Amino acid sequence: MLRLTSVLACCAVLAAACATANAERPAGGALTAGLAQAVSCLDPHQTPQTQNLNVSRQLVDSLTDQDPRTGEIVPWLATSWKVDKQAERFTFTLRDGVTFSDGAPLDAAAVVANLDDIAKLGARSPLGSGYLAGYAGASALDAKTVEVRFEAPSAQFLQATSMVTLGMLSPGTLGKTPEQRCAGGLAGSGPYVLDRVALNEEVRLSARTGYAWPGAPAANRGVPRVRTLTFAIVTDPSARHGSLLSGQLDADLQVLQQDQRSFGEQGPRLLSATRPGIVYTLLPNESRPALRDPSVRRAIGAALDRSRFAPLLAAGERPATDVLATTTPGYKDRSAGLAYAPDEAARLLDAAGWRRGPDGVRVKGSQRLSFDLVYSANEPYGSLYQLMAQQLAEAGIELRPTPLDDATNSARQGSGDYDFVAWAVTRGDPTVLASVYPVKSANPLRRTGRTRWTARSPASPRCSIPPSAPAPSTPPPRRSSPAGTASRSSSRPRRSASRGG
């Protein structure tokens, strides 16, 4: 998630780049930010898409915040918390005076209602279902005290309370249908309220009068200095860049590599930072017969020369050295396991029975080693996918990059109608791995059986970053070590085609 602070003093760019014509805004000013993709759902409990969460974060607060410099979990709506030794019981004390934009108080009962809502959404909340894995319920011990219980240790939950997906919506909003909430029928505790929602055109927000409870890292402790905040949907990158240079946009949240040369000492500034979490990675649909074979997945990774990606990447991006970004606890440089190894790719495919056909594409019986990579046509990485296809063709593997409109792309990903998808997941915690790889996650790999990570069998990676261990009181180096083992297992067999920090 690209998180914009409530004061809009910085535009934190994570996977791409962000340009802003004027970072300092007078109180009462307006700011218009360009989004590359349409906003499809405004309910933070439901949506996992970055462009949606950019907007939703302005509407909701979270129980905790995470200091971007240190990774420390710090107060926001909760002034303090206690965690039992088993990390199965979390008790939060709420701050006084917080209200939702519809006037309802944010009390313990409202927090319980929000957590219950996310749990009830189930598959409708692909991120929330992971954050609340093993959720056994929550109780209001009094008006300002909430107890949250899990069936097993949940080391990741405290950090999850800082994520926008667990942001607080008013009880009145929770009574609406999921469809109504996606369309904008919601009120949160955050610094902005909705003014206008045209999901394919713009979403306009206005600052809340009296807002005074930002997270601990925020520099501005009161009402946002930007009184009117507009997210304009401009899917064409040339039009978006031109609008930035002409002053029609104040910020472009997805700057393409070819446009970076236009930024200098005068005019818009280019800002970038490495976001924590899983780097942008090719994820195989393991329900497909060929991709079920770990030798094929290994060969695909070995046939990719990531050093050639660099000229196609934007500011702040570089070829990945781990499945985790450098800013994520548990990261370790595993570039040796991601090295370009065309001879090894050929050996693996030969051993698996794949032979070169007349057109150079390998075949086994009547099956061609040919795969579709589906992605949104609004993504900035089409040229990179074409380069990957060229590299894989040298190994006898056909990759067909397939750009789709947003609706078709979502439908195909939702139904599993693909061979590969490209994903990144932002979260400043090593258990971000559990949002992708286990069967009970969003499961883009389309696994069907119980899975576990094993360092001994990298040929067949299995996820065992249980949401359960270790406890949050465990020192960071020890806590990240299981994630490191899982990360090592995940990156070696696939040698994932990744970009990141």
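**Helix H10**

I listed the buried residues of H10 (buried: under 20% relative accessible area, exposed over 50%, partly exposed in between, 1.4 Å probe, protein chains only): Leu384, Tyr385, Leu387, Met388, Ala389, Gln391 and Leu392. This is a predicted model, where local features need pLDDT of at least 70, side-chain atom pairs count only at pLDDT 80 or more, and totals for chains, interfaces and linings use all residues. Residues are numbered from 1 along each chain as its sequence is written, and side-chain values use heavy atoms, with hydrogens and water left out.

I took helices (H or I, at least four residues) and strands (E, at least two) as DSSP runs, numbered from the N terminus. H10 covers residues 382–394. I checked its length: at 1.5 Å a residue, times one less than the number of residues, its 13 residues should span 18 Å, and the end C-alpha atoms are 19 Å apart, which agrees. Just after H10, I found glycine 396 with a positive phi of about 85°.

**Strands around S6**

I counted strands as paired if DSSP finds at least two bridges between them. S5 (residues 78–83) runs antiparallel to S6 (residues 89–94), with 5 bridges. Which residue of S6 is the bridge partner of alanine 78? I found leucine 94. Tryptophan 81 stands opposite phenylalanine 92. The two strands make a hairpin with 5 residues between them, and alanine 87 in the turn has a positive phi of about 55°.

S6 also pairs with S8 (residues 145–150), again antiparallel over 5 bridges. There, threonine 91 faces glutamate 147.

I then sorted the faces of S6. Phe90, Phe92 and Leu94 are on the covered face, and Arg89, Thr91 and Thr93 on the uncovered one. In a regular strand the side chains alternate between the two faces of the sheet.
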